[in-house]
Amino acid sequence: MHRHWNARMAWANMKNNKSIYLPYLMAASLIVMLFYSLRSVALMVADSGAAGATMNAMLQMSSWICGMLSLVILFYINSFIMKRRKKEFGLYSVLGMEKRHIAMVIAWEVLLTGTVGILCGIVLGALFSQLLFLLLLKIVGLPAALRFQIPFGEAAATVVLFGIGFLVLLGYDIISVCR
C-alpha cells in the first residue's frame with residue numbers, strides 16, 4: 001500500500017516540478033549518451049581494425065574520464081534540485097510525514113529519473129555513436145564501412161556506472177533529508 005502511494009507521490013512531485021526535472025532528465029540523458037557513444041566508438045574502432053591501438057586507447061581513456069566528470073555533473077545538478085526542494089520536504093515533515101516516507105518518495109524519484117535518463121541516453125547514444133564513428137573515420141581518412149551495431153557490453157558498462165552513480169545520489173539525498 002505505502003509503496004504504491006510513494007510511487008504515485010514521487011510521480012506527482014516530478015510532474016509538479018517539471019521545470020526542474022525536465023532539464024535534469026535531459027542533462028542525465030545527454031551525459032549517459034556521451035559516455036555510451038564514446039565507449040561504443042572505442043569498441044567499433046577496435047573491431048574495425050582500421051585505426052591504430054593508440055586511437056583505441058585514447059577513446060577508452062576519454063570515455064572513463066567523461067564518465068567520472070559526468071557523475072560529478074550529475075551530483076552538482078542533483079544538489080541544486082535538493083536545495084530548491086528543501087522547503088517542500090520541510091512542509092511534508094510539518095504535515096506529519098515521517099523522514100522514512102520522505103526518503104521513500106525520494107528513492108522513487110531517483111529510480112524514475114535514473115531509469116529514464118539511462119534508457120534514453122543509451123538509445124540516443126546508439127544512434128549518435130554510429131554518426132560519431134563515421135565522422136571519426138572521415139577525419140582520419142579511412143574508408144567508411146558502417147554496419148549498425150549496438151554493443152551490449154558497453155550498454156551494460158553504462159548501466160553499471162550510472163546505476164552506481166544514481167545510488168550514490170540517492171544515499172546523499174536521503175542523508176540530507178534525514179539531517
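**View 1. Serine 176, a buried residue of helix 5.** At 14% relative accessibility, serine 176 counts as buried (buried is under 20% relative accessible area, exposed over 50%, and partly exposed in between, with a 1.4 Å probe and protein chains only). Serine 176 sits in helix 5, which covers residues 152–178 (helices are DSSP runs of H or I with at least four residues, strands are runs of E with at least two, and both are numbered from the N terminus). Look for the serine 176 side chain reaching the backbone oxygen of aspartate 173, at 2.8 Å. This is a predicted model, where local features need pLDDT of at least 70 and side-chain atom pairs count only at pLDDT 80 or more, while totals for chains, interfaces and linings use all residues. Residues are numbered from 1 along each chain as its sequence is written, and side-chain values use heavy atoms, with hydrogens and water left out.

**View 2. Isoleucine 175 in helix 5, shown with alanine 103.** Isoleucine 175 also has its place in helix 5. Here the label is exposed, because isoleucine 175 has 53% relative accessibility. Now bring in alanine 103: isoleucine 175 and alanine 103 are 72 residues apart in sequence, yet their C-alpha atoms are 8.9 Å apart in space.

**View 3. Helix 3 from end to end.** Helix 3 runs through residues 53–94, 42 residues in total. Its end C-alpha atoms are 60 Å apart, which agrees with the 62 Å it should span at 1.5 Å a residue (the expected span is 1.5 Å times one less than the number of residues). Just after helix 3 comes glycine 96, with a positive phi of about 105 degrees.

View 4. Met61, Ile65 and Leu69 make up a nonpolar surface patch, and together they have about 310 Å² of accessible area (from the Shrake-Rupley method with a 1.4 Å probe; for residues, only the protein chains shown count as cover). Leucine 69 belongs to helix 3 and is exposed, with a relative accessible area of 52%.

**View 5. Stepping back to the chain.** The chain has five helices and zero strands, in the order α-α-α-α-α along the sequence. Its C-alpha trace spans about 65 × 25 × 25 Å along the principal axes. Of its 179 residues, 45% count as buried.

How values were computed:
Patch = residues over 30% accessible without salt bridge, like charges linked within 9 Å, V, L, I, M, F, W, Y side chains within 5 Å. Salt bridge = Lys/Arg side-chain N within 4 Å of Asp/Glu carboxyl O. Polar contact = N/O pair within 3.5 Å; in protein donor to acceptor, adjacent residues only side chain to side chain.
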